[in-house]
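These are my notes from looking through one structure. I start with a helix and what covers it, then turn to the cores and some backbone details.

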Amino acid sequence: MYRILKKEILNKDVEKMVIYAPFVAKKCRAGQFLIVMVDEEGERVPLTIADYDRVEESVTIIYQKVGYSTKLLGEKKAGDTIFAVAGPLGKAVKHIEGKRIVGVAGGVGAAPIYPQLKEYKELGFQVDLILGARNTDYIILKEEFENVVDNFYICTDDGSEGRKGFVTDALKELIQQGDKIDEVISIGPLRMMKAVVDITKEHGIKTSVSLNPLMIDGTGMCGGCRLTYGEETKFACVDGPDFDGFLVDFDELISRQGMYKEKESEHVCRLDGQVKIEK
(Lines give C-alpha, C1' and ligand atoms only; values in the text may rest on other atoms or scores of the structure.)
Protein backbone atom coordinates (compact mmCIF):
# COMPACT_ATOMS: atom_id res chain seq x y z
CA MET A 1 0.00 0.00 0.00
CA TYR A 2 1.11 3.55 -0.77
CA ARG A 3 0.18 6.38 1.58
CA ILE A 4 -1.18 9.71 0.32
CA LEU A 5 0.82 12.50 1.95
CA LYS A 6 -1.03 15.49 0.50
CA LYS A 7 -3.99 16.16 -1.72
CA GLU A 8 -5.02 19.41 -3.42
CA ILE A 9 -8.08 20.17 -5.52
CA LEU A 10 -6.91 22.27 -8.48
CA ASN A 11 -10.36 22.71 -10.03
CA LYS A 12 -13.62 20.79 -10.19
CA ASP A 13 -12.12 18.20 -12.56
CA VAL A 14 -8.42 18.08 -11.71
CA GLU A 15 -6.64 17.10 -8.50
CA LYS A 16 -3.05 16.87 -7.30
CA MET A 17 -1.77 14.11 -5.05
CA VAL A 18 1.58 13.54 -3.34
CA ILE A 19 2.24 9.87 -2.62
CA TYR A 20 4.89 8.23 -0.46
CA ALA A 21 6.69 5.92 -2.90
CA PRO A 22 10.38 5.70 -1.88
CA PHE A 23 11.63 3.30 -4.56
CA VAL A 24 9.98 5.29 -7.37
CA ALA A 25 11.14 8.64 -5.96
CA LYS A 26 14.71 7.37 -5.80
CA LYS A 27 14.88 6.50 -9.50
CA CYS A 28 12.36 8.63 -11.42
CA ARG A 29 13.19 11.42 -13.85
CA ALA A 30 11.27 14.06 -15.74
CA GLY A 31 9.31 12.58 -18.63
CA GLN A 32 8.57 9.25 -16.96
CA PHE A 33 5.21 7.95 -15.75
CA LEU A 34 3.56 5.61 -13.25
CA ILE A 35 0.79 3.06 -13.37
CA VAL A 36 -1.54 3.41 -10.40
CA MET A 37 -4.09 0.93 -9.08
CA VAL A 38 -6.51 2.45 -6.58
CA ASP A 39 -7.47 -0.95 -5.16
CA GLU A 40 -6.54 -4.58 -5.73
CA GLU A 41 -9.40 -5.17 -8.17
CA GLY A 42 -8.97 -1.85 -9.97
CA GLU A 43 -7.74 -1.03 -13.46
CA ARG A 44 -4.22 0.11 -14.22
CA VAL A 45 -4.18 3.90 -14.77
CA PRO A 46 -1.09 5.48 -16.41
CA LEU A 47 -0.26 8.90 -14.94
CA THR A 48 2.70 11.17 -15.60
CA ILE A 49 5.06 12.00 -12.76
CA ALA A 50 4.33 15.69 -12.27
CA ASP A 51 7.06 16.13 -9.65
CA TYR A 52 9.14 14.18 -7.16
CA ASP A 53 11.03 14.74 -3.92
CA ARG A 54 13.92 12.39 -3.21
CA VAL A 55 14.28 13.63 0.39
CA GLU A 56 10.58 13.24 1.21
CA GLU A 57 10.58 10.03 -0.90
CA SER A 58 7.43 11.11 -2.67
CA VAL A 59 6.05 11.44 -6.18
CA THR A 60 3.35 13.84 -7.34
CA ILE A 61 0.56 12.97 -9.76
CA ILE A 62 -2.07 15.21 -11.32
CA TYR A 63 -5.17 13.52 -12.67
CA GLN A 64 -8.44 14.49 -14.32
CA LYS A 65 -11.56 12.79 -12.97
CA VAL A 66 -12.99 11.48 -16.23
CA GLY A 67 -13.57 7.76 -15.61
CA TYR A 68 -14.48 5.32 -12.88
CA SER A 69 -10.94 4.78 -11.57
CA THR A 70 -9.88 8.44 -11.53
CA LYS A 71 -13.16 9.34 -9.80
CA LEU A 72 -12.43 6.61 -7.25
CA LEU A 73 -8.95 8.07 -6.81
CA GLY A 74 -10.62 11.44 -6.25
CA GLU A 75 -12.48 10.03 -3.24
CA LYS A 76 -9.19 9.36 -1.46
CA LYS A 77 -7.91 11.81 1.16
CA ALA A 78 -4.54 12.61 2.70
CA GLY A 79 -3.65 9.76 5.03
CA ASP A 80 -5.46 7.15 2.93
CA THR A 81 -3.63 4.53 0.91
CA ILE A 82 -3.81 3.27 -2.65
CA PHE A 83 -3.01 -0.30 -3.66
CA ALA A 84 -0.16 0.03 -6.14
CA VAL A 85 2.22 2.55 -7.71
CA ALA A 86 4.39 0.94 -10.40
CA GLY A 87 7.26 2.83 -11.94
CA PRO A 88 9.12 4.73 -13.06
CA LEU A 89 8.09 3.66 -16.55
CA GLY A 90 8.99 5.06 -19.95
CA LYS A 91 12.14 6.91 -20.89
CA ALA A 92 13.35 10.03 -19.14
CA VAL A 93 13.65 13.22 -21.17
CA LYS A 94 16.88 13.55 -23.16
CA HIS A 95 18.45 16.96 -22.64
CA ILE A 96 19.61 18.86 -25.69
CA GLU A 97 22.46 21.30 -26.05
CA GLY A 98 21.51 24.93 -26.32
CA LYS A 99 20.36 27.93 -24.36
CA ARG A 100 16.61 28.35 -24.82
CA ILE A 101 13.59 26.06 -24.44
CA VAL A 102 9.97 27.01 -25.15
CA GLY A 103 7.22 24.89 -23.64
CA VAL A 104 3.73 24.80 -25.15
CA ALA A 105 1.14 23.09 -22.97
CA GLY A 106 -2.61 22.73 -23.04
CA GLY A 107 -4.96 21.69 -20.24
CA VAL A 108 -3.59 18.93 -18.01
CA GLY A 109 -0.54 18.85 -20.30
CA ALA A 110 0.76 21.39 -17.78
CA ALA A 111 1.45 18.50 -15.39
CA PRO A 112 3.99 16.53 -17.46
CA ILE A 113 5.66 19.62 -18.90
CA TYR A 114 6.42 21.09 -15.47
CA PRO A 115 9.22 18.67 -14.41
CA GLN A 116 10.83 18.94 -17.85
CA LEU A 117 10.96 22.73 -17.77
CA LYS A 118 12.16 22.61 -14.17
CA GLU A 119 15.09 20.37 -15.14
CA TYR A 120 16.05 22.61 -18.05
CA LYS A 121 15.97 25.67 -15.78
CA GLU A 122 18.29 23.90 -13.33
CA LEU A 123 20.66 23.27 -16.26
CA GLY A 124 20.84 27.00 -16.95
CA PHE A 125 18.52 27.29 -19.95
CA GLN A 126 16.22 30.22 -20.62
CA VAL A 127 12.80 28.65 -20.23
CA ASP A 128 9.64 30.18 -21.67
CA LEU A 129 6.14 28.72 -21.41
CA ILE A 130 2.95 29.19 -23.38
CA LEU A 131 0.07 27.67 -21.41
CA GLY A 132 -3.42 27.23 -22.83
CA ALA A 133 -6.63 26.58 -20.91
CA ARG A 134 -10.39 26.80 -21.34
CA ASN A 135 -10.62 29.63 -18.78
CA THR A 136 -9.01 30.86 -15.56
CA ASP A 137 -10.41 27.97 -13.52
CA TYR A 138 -8.57 25.44 -15.69
CA ILE A 139 -5.10 27.01 -15.34
CA ILE A 140 -3.08 24.68 -13.10
CA LEU A 141 0.37 24.96 -11.49
CA LYS A 142 0.50 28.70 -12.14
CA GLU A 143 2.60 29.52 -9.06
CA GLU A 144 4.95 26.61 -9.69
CA PHE A 145 5.57 27.76 -13.26
CA GLU A 146 6.13 31.35 -12.16
CA ASN A 147 9.00 30.09 -10.00
CA VAL A 148 10.59 28.20 -12.89
CA VAL A 149 10.09 29.98 -16.21
CA ASP A 150 11.60 33.23 -17.45
CA ASN A 151 8.65 34.28 -19.60
CA PHE A 152 5.12 33.01 -19.03
CA TYR A 153 2.34 33.47 -21.60
CA ILE A 154 -1.22 32.38 -20.80
CA CYS A 155 -3.88 31.85 -23.46
CA THR A 156 -7.51 31.17 -22.59
CA ASP A 157 -10.42 30.32 -24.86
CA ASP A 158 -12.63 33.04 -23.34
CA GLY A 159 -9.94 35.63 -22.56
CA SER A 160 -10.58 35.41 -18.81
CA GLU A 161 -6.81 35.39 -18.21
CA GLY A 162 -3.86 36.28 -20.37
CA ARG A 163 -4.68 36.62 -24.03
CA LYS A 164 -7.74 35.25 -25.78
CA GLY A 165 -6.89 32.70 -28.42
CA PHE A 166 -4.75 29.70 -29.22
CA VAL A 167 -1.30 28.77 -27.96
CA THR A 168 -0.20 28.47 -31.58
CA ASP A 169 -0.81 32.20 -32.11
CA ALA A 170 1.47 33.03 -29.20
CA LEU A 171 4.09 30.59 -30.50
CA LYS A 172 4.07 32.21 -33.95
CA GLU A 173 4.69 35.60 -32.34
CA LEU A 174 7.66 34.28 -30.33
CA ILE A 175 9.19 32.78 -33.46
CA GLN A 176 8.64 36.00 -35.41
CA GLN A 177 10.60 37.94 -32.77
CA GLY A 178 13.68 36.29 -34.23
CA ASP A 179 15.41 35.10 -31.05
CA LYS A 180 16.78 31.59 -31.46
CA ILE A 181 14.73 28.76 -29.97
CA ASP A 182 16.74 25.55 -29.54
CA GLU A 183 13.75 23.30 -28.86
CA VAL A 184 10.00 23.44 -28.37
CA ILE A 185 8.42 20.96 -25.95
CA SER A 186 4.70 20.52 -26.57
CA ILE A 187 2.34 18.53 -24.34
CA GLY A 188 -1.43 18.54 -24.53
CA PRO A 189 -4.27 17.37 -26.79
CA LEU A 190 -3.16 15.62 -29.98
CA ARG A 191 -4.63 18.27 -32.27
CA MET A 192 -2.81 21.00 -30.36
CA MET A 193 0.52 19.18 -30.58
CA LYS A 194 -0.01 18.54 -34.28
CA ALA A 195 -0.69 22.26 -34.85
CA VAL A 196 2.46 23.17 -32.91
CA VAL A 197 4.55 20.75 -34.99
CA ASP A 198 3.12 22.15 -38.22
CA ILE A 199 4.47 25.56 -37.18
CA THR A 200 7.87 24.51 -35.85
CA LYS A 201 8.57 22.19 -38.78
CA GLU A 202 8.16 25.14 -41.13
CA HIS A 203 10.89 26.97 -39.21
CA GLY A 204 13.13 23.95 -38.59
CA ILE A 205 12.82 24.14 -34.78
CA LYS A 206 13.38 20.80 -33.05
CA THR A 207 10.14 19.77 -31.31
CA SER A 208 9.46 17.15 -28.68
CA VAL A 209 5.93 15.90 -27.96
CA SER A 210 4.62 13.65 -25.18
CA LEU A 211 2.10 11.00 -26.21
CA ASN A 212 -0.47 9.15 -24.11
CA PRO A 213 -2.45 6.82 -26.36
CA LEU A 214 -4.51 3.95 -24.93
CA MET A 215 -2.27 1.93 -22.63
CA ILE A 216 -2.90 -1.19 -20.55
CA ASP A 217 0.24 -2.78 -19.14
CA GLY A 218 2.86 -0.05 -19.67
CA THR A 219 5.56 -2.57 -20.63
CA GLY A 220 5.07 -2.96 -24.39
CA MET A 221 3.16 -6.24 -24.14
CA CYS A 222 -0.36 -5.18 -25.12
CA GLY A 223 0.51 -3.04 -28.15
CA GLY A 224 -2.36 -0.67 -27.45
CA CYS A 225 -0.14 2.42 -27.39
CA ARG A 226 1.56 1.75 -30.73
CA LEU A 227 2.18 4.59 -33.14
CA THR A 228 3.75 5.10 -36.53
CA TYR A 229 7.03 6.94 -36.12
CA GLY A 230 8.73 7.68 -39.40
CA GLU A 231 8.99 4.27 -41.08
CA GLU A 232 8.78 2.36 -37.78
CA THR A 233 6.20 1.22 -35.25
CA LYS A 234 6.91 2.45 -31.74
CA PHE A 235 5.22 2.00 -28.38
CA ALA A 236 4.58 5.06 -26.23
CA CYS A 237 5.06 3.15 -22.98
CA VAL A 238 8.58 1.83 -23.62
CA ASP A 239 9.90 3.97 -26.48
CA GLY A 240 8.40 7.20 -25.12
CA PRO A 241 6.35 8.90 -23.98
CA ASP A 242 8.45 11.71 -25.50
CA PHE A 243 9.06 11.62 -29.26
CA ASP A 244 10.41 13.81 -32.04
CA GLY A 245 7.24 15.53 -33.19
CA PHE A 246 8.41 15.70 -36.81
CA LEU A 247 8.28 11.90 -37.09
CA VAL A 248 4.93 11.21 -35.40
CA ASP A 249 1.95 10.30 -37.59
CA PHE A 250 -0.59 12.50 -35.80
CA ASP A 251 -3.41 11.79 -38.24
CA GLU A 252 -3.22 8.08 -37.43
CA LEU A 253 -3.08 8.76 -33.69
CA ILE A 254 -6.07 11.09 -33.81
CA SER A 255 -8.02 8.53 -35.82
CA ARG A 256 -7.22 5.74 -33.36
CA GLN A 257 -8.05 7.96 -30.39
CA GLY A 258 -11.58 8.43 -31.71
CA MET A 259 -12.26 4.87 -32.83
CA TYR A 260 -14.35 4.02 -29.75
CA LYS A 261 -16.30 7.28 -29.49
CA GLU A 262 -19.52 5.85 -30.92
CA LYS A 263 -19.44 2.89 -28.51
CA GLU A 264 -18.56 5.16 -25.59
CA SER A 265 -21.56 7.38 -26.32
CA GLU A 266 -23.85 4.34 -26.26
CA HIS A 267 -22.32 2.77 -23.15
CA VAL A 268 -24.11 2.94 -19.81
CA CYS A 269 -21.60 2.53 -16.99
CA ARG A 270 -22.66 -0.06 -14.40
CA LEU A 271 -19.62 0.37 -12.16
CA ASP A 272 -20.79 3.33 -10.10
CA GLY A 273 -23.76 1.64 -8.51
CA GLN A 274 -26.25 4.02 -10.11
CA VAL A 275 -27.72 1.56 -12.61
CA LYS A 276 -29.81 -1.42 -11.55
CA ILE A 277 -29.15 -4.59 -13.48
CA GLU A 278 -32.32 -6.50 -14.26
CA LYS A 279 -32.12 -10.24 -13.64
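I count a contact when heavy atoms lie within 4.5 Å. Helices (H or I, at least four residues) and strands (E, at least two) are DSSP runs, numbered from the N terminus. The model is predicted, so I note that local features need pLDDT of at least 70 and side-chain atom pairs count only at pLDDT 80 or more, while totals for chains, interfaces and linings use all residues. Residues are numbered from 1 along each chain as its sequence is written, and side-chain values use heavy atoms, with hydrogens and water left out.

**Entry 1: helix H8**

I looked up what covers the buried residues of H8, and found that the cover includes helix H6 (190–203), strand S13 (207–210) and strand S14 (226–229). By buried I mean under 20% relative accessible area, by exposed over 50%, and by partly exposed in between (1.4 Å probe, protein chains only). H8 spans residues 250–257, and its Phe250, Leu253 and Ile254 are buried. Down the axis of H8 these buried residues fall within an arc of 95 degrees, so they line one face of the helix. The arc is taken from the directions from the helix axis to the C-beta atoms. On the face turned away from the buried side I found the exposed residues Asp251 and Ser255.

**Entry 2: H6 against H8**

Two packed helices are described by the angle between their axes and the distance between the axes. I found that the axes of H6 and H8 come within 10 Å and cross at roughly 170 degrees. The axes are lines fitted to C-alpha atoms, for helices over the stretch in contact, and angles run from 0 to 180 degrees between N-to-C directions. Residues of H6 that meet H8 include Leu190, Met193 and Val197; on the H8 side, Phe250, Leu253 and Ile254 are among them.

**Entry 3: nonpolar cores**

A nonpolar core is a set of buried Ala, Val, Leu, Ile, Met, Phe, Trp, Tyr and Cys residues joined through side-chain atoms within 4.5 Å. Which residues have the most contacts inside the largest core? They are Val104, Ile130, Leu171, Leu211 and Val248, in a core of 34 residues. Among the elements that each supply at least two residues of this core are strand S8 (100–106), helix H5 (167–176), H6 and H8. The largest share, six residues, comes from H6. I also listed contacts of Ile130, leaving aside neighbours within four places in sequence; they include Val102, Val104, Tyr153, Cys155 and Leu171. A second, separate core of 27 residues includes Tyr114, Phe125, Val127 and Tyr138.

**Entry 4: backbone details**

I found a cis peptide bond from Gly87 to Pro88, with omega near 0 degrees; Pro88 is in strand S7 (residues 84–89). Another cis peptide bond joins Gly240 and Pro241, with omega about 15 degrees. Pro241 lies in the loop between H7 and strand S16 (242–244).

Glu57 is not a glycine, yet its phi is positive, near 60 degrees. Is Glu57 buried, exposed or partly exposed? Glu57 is partly exposed, at 31% relative accessibility. Leu141 also has a positive phi, about 65 degrees, and counts as buried at 6% relative accessibility. I place Leu141 in the loop between strand S9 (126–133) and helix H4 (142–146).
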